[in-house]
Amino acid sequence: MNTTAMSPLTVTPLGFVPDLKNSTLDPLNETACENWKEIHHLVFHVANICFAVGLVIPTTLNLHMILLRGLLTIGCALFIIWATLYRCALDIMIWNSVFLVVNLLHFIYLVYKRRPIKIEKELSSLYKRMFEPLHVPPELFQRLTGQFCNIQTLKTGQAYAAEDKTSVDDRLSILLKGKMKVSYRGHFLHNIYPCAFIDSPEFRSTQMNRGEKFQVTIIADDNCKFLCWSRERLTYFLESEPFLYEIFKYLIGKDITNKLYSLNDPTLNDKASKKIDRQSSLCSQLSVMQMRNSMASTSDSEDGLQMFLRGTSSASSLLTDPAERLP
């Protein structure tokens, strides 16, 4: 048999040691960094600095979110410049273009929310005196006065409400300019001055009872201008704004308290009523509507009126500082 025709087998003789030094082996870890690449362009580093500064801005800063979105927008723009001009990396440019659009839209929206709210000149004094001290945002006040209310006027001698005729279910109003006087069967009770509710007792009373009529007559003593809400739409709006609902409860309660003072002292002027506004409202839940109704049930004579006014003096004494009553 011809053994040379068969495929030879490679046989390693005993004692043979391969030369490992001269052999060429593939690297075991192709991701190992043996040689660092060159440093990126300055634009790349400035972009990352913008990201870093934006992320370390303290959240207690008033403009925190605006500054954060602004710096992220600048960083993304610099990344696009770096990827386009110095790296020619299409994927980096596309991703940062998406991030740029998202952050830019957020930035524009935040700046828009911080825009100064222009309150109408006729309502600016009302906002500054009644709503701004209670931290009502201007945009919320604008929503309150811009959708379902209007400004109306009355000339001297015209009636806002007539006793036993005008329904109390239709509206709620705040006097903006002028002066109104409130009377019962021809007897003067008190005045209403600017930045005060005209019909707050009726509003509080008709929250439970509907279909009632005014028990007093309210007449314009000067040329008057007042802000008038539709009561039904105002109630619906306040139910969707719990914060503003509580604000209205407080303001109406304080206004009722001021009217209690006015019933006890009919000569109370606007300057004195402003001083009362700064005092705490201890009778914010007391309804003057019930007191007005008691006048009708007591007597139609002058004696009945005097009895009612003497009753209000004892109620208003509860509102004074206890220290003032000490001997």
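**Aromatic pairs and ring contacts**

1. In this predicted model, F214 counts as buried, since its relative accessibility is 1%. Y160 is likewise buried, with a relative accessible area of 3%. Both values fall below the 20% limit for burial.

2. A search of the whole structure returns 12 aromatic pairs. One of them joins F79 and W82 edge-to-face, with 5.9 Å from centre to centre and 75 degrees between the planes. The two residues belong to helix 2 (residues 64-87) and stand 3 residues apart, which is about one turn of the helix. F79 and W82 are both buried.

3. Y160 and F214, the buried residues of point 1, also form an aromatic pair. Their arrangement is edge-to-face, at 6.4 Å centre to centre and with 90 degrees between the planes. This pair connects distant parts of the chain, 54 residues apart: Y160 lies in strand 2 (residues 159-161), whereas F214 lies in the loop between helix 6 (200-205) and strand 7 (217-220).

4. The ring of Y160 has a further contact, with the charged end of R171 placed over it at 3.9 Å from the ring centre.

Definitions and conventions: Residues are numbered from 1 along each chain as its sequence is written. This is a predicted model: local features need pLDDT of at least 70, side-chain atom pairs count only at pLDDT 80 or more; totals for chains, interfaces and linings use all residues. Side-chain values use heavy atoms; hydrogens and water are left out. Rings of Phe, Tyr and Trp (its six-membered ring) pair if their centres lie within 6.5 Å; planes under 30 degrees apart count as stacked, over 60 as edge-to-face and the rest as tilted. Helices (H or I, at least four residues) and strands (E, at least two) are DSSP runs, numbered from the N terminus. Buried means under 20% relative accessible area, exposed over 50%, partly exposed in between (1.4 Å probe, protein chains only). A charge sits over a ring if NZ of Lys or CZ of Arg is within 6 Å of the ring centre and within 35 degrees of the ring normal.
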